[in-house]
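Please find below a colleague's note on the model under review. It is arranged as numbered points.

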Amino acid sequence: MTTTTLKTVIFLGSARNITPPWGGDSRLGDRVIKWVKSVMESRKEPLGADTISHDIRIIDPIEVFGPNGALSYSGGELSKPTFFMDQSELPAAAKELQQAIKEADCYLVVSPEYNHTIPPALSSVMGHFGGSNYKCKPSGIITYSPGIFGGMRAAMIIQIMLHELGCLPVSKLCGIGNVSEVLNADGTPIDPNNRMLNQLPDLLQQLEWMAVAMANQRKLT
């Protein structure tokens, strides 16, 4: 059995970096991304005659829009999308980020919901790059919230955005509600048997199947 390593880019949806007056995490999603990263790094799943693993790249809007970040020249307001720029004028860090997105086999989005819709940081990061970088690849959606709904309202809108970018979302969703009751600050599960955690392996199984199938087809065309 051979090992197929998928290049998997994970987009973080939140750029929040402030503790609310009522307390809690400065960014609840840090718990979720740590859990997702741990699951992905340890994953070795059979698929046909292969074993699937992941080479992960996490794209964090706090970093890419921060000082000297890959998209700091444009900002979260998306003043200079890469597809409106001459490639010779594109900063080296932005070119490298664009190449990583273009070379990916699949994508994951880990996002909260802001005002019941897509956080602006997520739409800005992904929107800096044209659909030709994402097309003919699958994506998966993981949402979260401090309350019971797990970000599902945003997930419905994120699906549409991913469709339009050309990275088709798989049907399985992963929504983690009441995050601080499910995951510790370091991303480890408070109760490893919590049934909410079973959503991610099911999503990844679909994502991997589609990633391999679409990669095979891209090679033929």
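The points below cover the basis of the model, its strands, its salt bridges and a surface patch.

1. Basis. This is a predicted model, in which local features need pLDDT of at least 70 and side-chain atom pairs count only at pLDDT 80 or more, while totals for chains, interfaces and linings use all residues. Residues are numbered from 1 along each chain as its sequence is written, and side-chain values use heavy atoms, with hydrogens and water left out.

2. Helices (H or I, at least four residues) and strands (E, at least two) are DSSP runs, numbered from the N terminus.

3. Neighbours of β5. Two strands are taken to pair if DSSP finds at least two bridges between them. β5 pairs with β4 in the parallel sense over 5 bridges, and serine 111 has threonine 143 in β5 as its bridge partner. With strand β6 (residues 167–176), β5 pairs in the parallel sense over 7 bridges; proline 138 stands opposite leucine 168 in β6. The chain crosses from β5 through α5 to β6 in a right-handed β-α-β crossover. β4, α4 and β5 likewise make a right-handed β-α-β unit. Right-handed means that, with the strands pointing away from the viewer, the path from the first strand over the helix to the second runs clockwise.

4. Salt bridges between separate parts. Side chains of opposite charge can pair when their charged atoms come close. With a salt bridge defined as a side-chain nitrogen of Lys or Arg within 4 Å of a carboxyl oxygen of Asp or Glu, the count comes to 9 salt bridges. In one of them, aspartate 60 meets arginine 27, the closest N and O atoms being 2.8 Å apart. Aspartate 60 lies in the loop between β3 (50–59) and α2 (61–64) and arginine 27 in the loop between β1 (2–12) and α1 (29–42), so the pair ties together parts that are 33 residues apart in sequence. Both aspartate 60 and arginine 27 are buried. A salt bridge also joins arginine 153 and glutamate 113 (2.7 Å, N to O). Arginine 153 lies in helix α5 and glutamate 113 in the loop between β4 (106–111) and α4 (120–127), so this pair links parts that are 40 residues apart in sequence. Arginine 153 is partly exposed at 37% relative accessibility, whereas glutamate 113 is buried at 16%. Salt bridges that share partners join Arg27, Asp30 and Asp60 into one network.

5. Glutamate 41 and lysine 37 form a salt bridge, with the closest N and O atoms 2.8 Å apart. About one helical turn separates these two residues, because they are 4 residues apart in helix α1. Glutamate 41 is partly exposed, at 46% relative accessible area, as is lysine 37, at 34%.

6. Surface patch. Met156, Ile157 and Ile160 form a nonpolar patch on the surface, with about 250 Å² of accessible area together. Patches are made of residues with over 30% relative accessible area and no salt bridge, like charges being joined within 9 Å and nonpolar side chains (Val, Leu, Ile, Met, Phe, Trp, Tyr) within 5 Å. Accessible areas come from the Shrake-Rupley method with a 1.4 Å probe, and for residues only the protein chains shown count as cover. Isoleucine 160 lies in helix α5 (residues 152–165) and is exposed, with a relative accessible area of 51%.

Technical notes. Buried means under 20% relative accessible area, exposed over 50%, partly exposed in between (1.4 Å probe, protein chains only).
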